[in-house]
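Thanks, everyone. I have one model to show you today. Please look at the picture first, and then we'll walk through it.

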Amino acid sequence: MHKVLLAFLCANALIIPGIANAGEVRNREVRQENRMYQGVRAGDLSRRNYDRLQGQEARLNDRRVQDLRHNDGHLTGREYRQLNQRENRLSREIYRDKHGH
């Protein structure tokens, strides 16, 4: 009985962080989409730049979904790091475009 419970707890400890990572990435994507939308509404971001950034965000989201499907609903550590790096780059681009840098 104790061995089964220990195995269950260990399996959950390995699976849940991957699911949480996927949720964190998705939440970040939503926040960045909101930043882009607010930039257009405020006149800080041109429609052309918005469309370009939105396309990049869509490609990142497609990649995230593909990775999740490939790994039974979670991201590996490597996939999470790669997505995070790509999101960081996109975040910097959003900032630069909104602030005219």
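Let's start with a pair of helices. The axes of H2 and H3 come within 11 Å and cross at roughly 170°. Axes here are lines fitted to C-alpha atoms, for helices over the stretch in contact, and angles run from 0 to 180 degrees between N-to-C directions. Angles under 35 degrees count as roughly parallel, over 145 as roughly antiparallel, 65 to 115 as roughly perpendicular, and the rest as oblique. H2 and H3 are therefore roughly antiparallel to each other.

Who makes that contact, meaning heavy atoms within 4.5 Å? On the H2 side, the residues include Asn49, Leu53, Glu57 and Arg64. On the H3 side, they include Glu79, Arg86, Leu90 and Asp97. The residues of this contact split into 5 nonpolar, 3 polar and 10 charged. For the record, Ala, Val, Leu, Ile, Met, Phe, Trp, Tyr, Cys and Pro count as nonpolar, Asp, Glu, Lys and Arg as charged, and the others, Gly among them, as polar.

A word on where this comes from. It is a predicted model, in which local features need pLDDT of at least 70 and side-chain atom pairs count only at pLDDT 80 or more, while totals for chains, interfaces and linings use all residues. Residues are numbered from 1 along each chain as its sequence is written, and side-chain values use heavy atoms, with hydrogens and water left out.

Now the overall layout. The protein chain has 3 helices and 0 strands. Helices (H or I, at least four residues) and strands (E, at least two) are DSSP runs, numbered from the N terminus.

How confident is the predictor? pLDDT is its confidence in each residue, from 0 to 100. The chain has a mean pLDDT of 81, and 77% of its residues reach 70 or more. Confidence is lowest in H1, at a mean of 67, and highest in H3, at 93. Over residues 4-20 the pLDDT is below 50, and this stretch has 5 contacts in the model beyond near neighbours in sequence.

Next, the inside. Of the 101 residues, 29% count as buried. Buried means under 20% relative accessible area, exposed over 50%, partly exposed in between (1.4 Å probe, protein chains only). The largest nonpolar core has 11 residues, among them Val25, Tyr50, Leu68 and Ile94. Such a core is a set of buried Ala, Val, Leu, Ile, Met, Phe, Trp, Tyr and Cys residues joined through side-chain atoms within 4.5 Å. H1 (2-42), H2 (47-70) and H3 (77-99) each supply at least two of its residues. H2 gives the most, with 4.

Take one core member, Leu90. Leaving aside neighbours within four places in sequence, Leu90 contacts Gln32, Leu53, Gln56, Glu57 and Leu60. Gln32 sits in H1. Is Gln32 buried or exposed? Gln32 is buried, with a relative accessible area of 3%. Not counting residues up to four places away, Gln32 touches Glu57, Glu87, Leu90, Ser91 and Ile94.

Back to Asn49, in H2. Asn49 is partly exposed, at 23% relative accessible area. Its C-alpha is separated by 9.7 Å from that of Glu93, 44 residues apart along the chain.

Last stop: Asp72, in the loop between H2 and H3. Its phi is near 55°, a positive value in a residue other than glycine. Asp72 is exposed, with a relative accessible area of 74%.

Key. Contact means heavy atoms within 4.5 Å. pLDDT is the predictor's confidence in each residue, from 0 to 100.
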